[in-house]
Amino acid sequence: MNQRKIVILGSTGSIGVNALDVVRRYKRQYQVIGLAANSNVELLAKQIKEFQPDVVALGDASRSEKLAKAISGLRKKPQIWTGTAGLERLARHPKSDHVLCGMVGSRGLLPLVAAIKAGKTIGLANKESLVVAGDVIMALSKKHKAPIIPVDSEHSAIYQCLQGQRSADVARIILTASGGPFYRYEGDLDAISVAQALNHPTWKMGAKITVDSATLMNKGLEAIEAHYLFGVPMDKISIVIHPQSIVHSLVEYADGAMLGQLSHPDMRLPIQYALSHPARAVTAVKPLKLDEVARLDFAAPDFSRFPCLKIALDAGKRGGTAPAALSAANEVAVKAFIDGQLTFMGIPSLVSRVLARHKVRNKPTLDDVLEVDRWAREQAQTDIDSRQARSGRMNEGLIHA
Ligand SMILES: NC(=O)c1ccc[n+]([C@@H]2O[C@H](COP(=O)([O-])OP(=O)(O)OC[C@H]3O[C@@H](n4cnc5c(N)ncnc54)[C@H](OP(=O)(O)O)[C@@H]3O)[C@@H](O)[C@H]2O)c1
């Protein structure tokens, strides 16, 4: 394999750190051209020292001085670019051929578009971008010959199960879900604390996706992601709870055969696959011993206890700008939950109220989805603020569903 020159957007996050672990293992195969982050200057400085990128981009421009100071003693210092323009510029850096999109939220959308327009091979973890602008992204990827290799473990599994098959023969995609920390929880879901929601049983991830996994919104977003990535209609995508997170997803074919991909849950495997595709190489993930695993459980999801899943699937079926409004409202709701302003079940309530007010536009352009993203964020924030004011509990903070 020729040395791959990579840019990692979101290098200080859970995906970024795991991606750099893959690079560390295969230093001769990968050269890091650029790294991008937002606020974690200390970790970014350490990464710069170790991986010596040509450029770093900081979403939060106000931290660039602090970063410059932190790396002032280094002999080889990268250029520092800032803001969305800096991230986009890094995403299309002429020296790179691969861009790993590991930022969280729809802030990753414009850098992703820049990388695609520059014809890069994309490793896509940033699912929100695809949920928000799926048709636009897939059309651009085709037009600019910029292949998208999924990093999400479920989509990586599906991608692998589709290799060498005819898309016309796909009968169904089955996305597996761990069920999150509350799959068997019998207490009051509305009383769930932030610490409980952030304690995922099988995956160690960033805060937003961990809360999304607890509400099952994550699985709904993943269904929409799969719909756009693989061109499979929403009604041919099923969800099954699989608490062990060993079977990462499956594809069912016309003849009834089902192909799945299995491994211990460790993001370094799908990340490495996205970076090395079509080659495979040894990973730090220990091989699976099926006799030790012994059993694999599967169950139907409970839509009534986890309304986010149904809300997301409905938005995916509605299409147009509905997924963009869903994703933006959810980002605001999850942040409000983490900040202690909303209860756990307040998340689906808030997202549905925003969606109920949204007038869906069909066949949206990039500008349309960006506008809807802004609109839905404003709606969600105004909703939180006005409820807080009405409840007269401004100092207590918590709003119930
Ligand atoms: N974690 C997983 O195992 C996993 C699995 C599948 C899919 N995903 C998807 O991958 C994406 C990243 O997830 P994560 O868990 O890695 O999230 P995370 O740990 O919260 O990391 C997010 C990264 O994005 C950066 N970032 C946030 N806002 C930014 C901005 N405005 N400009 C530049 N960088 C910005 C953060 O920088 P700072 O830290 O410096 O602020 C951080 O590096 C999400 O879309 C998630 O759904 C994650």
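## Helices α6 and α10

The crossing of α6 and α10 is left-handed, meaning that the near helix is turned anticlockwise from the far one by less than a right angle. This is a predicted model, in which local features need pLDDT of at least 70, side-chain atom pairs count only at pLDDT 80 or more, and totals for chains, interfaces and linings use all residues. Residues are numbered from 1 along each chain as its sequence is written, and side-chain values use heavy atoms, without hydrogens and water.

Helix α6 spans residues 127–143 and helix α10 residues 217–230; they pack at an angle of about 20°, with axes 9 Å apart. That makes α6 roughly parallel to α10 (an angle under 35 degrees). On the α6 side the contact (heavy atoms within 4.5 Å) includes Lys 127, Leu 130 and Met 138, and on the α10 side Leu 221, Glu 225 and Tyr 228. By class, the contact of α6 with α10 has seven nonpolar, two polar and four charged residues.

## Helices α14 and α15

Helix α14 (residues 322–338) packs on helix α15 (residues 346–357) at an angle of about 145°, their axes being 9 Å apart. The contact of α14 with α15 has 11 nonpolar, one polar and no charged residues.

## Ligand surroundings

Around the ligand are 25 residues (a heavy atom within 4 Å), of which Thr 12, Ser 39, Asn 40, Glu 128 and Asp 152 come nearest. A polar backbone atom of Asn 40 is 2.8 Å from an oxygen atom of the ligand. For Asn 38, a backbone N or O atom lies 3.0 Å from a ligand oxygen atom.

Key: Axes are lines fitted to C-alpha atoms, for helices over the stretch in contact, and angles run from 0 to 180 degrees between N-to-C directions. Helices (H or I, at least four residues) and strands (E, at least two) are DSSP runs, numbered from the N terminus. Angles under 35 degrees count as roughly parallel, over 145 as roughly antiparallel, 65 to 115 as roughly perpendicular and the rest as oblique. Ala, Val, Leu, Ile, Met, Phe, Trp, Tyr, Cys and Pro count as nonpolar, Asp, Glu, Lys and Arg as charged, and the others, Gly among them, as polar. A polar contact is a pair of N or O atoms within 3.5 Å; within protein, one must be able to donate a hydrogen and the other to accept it, and residues adjacent in sequence count only if both atoms are side-chain atoms.
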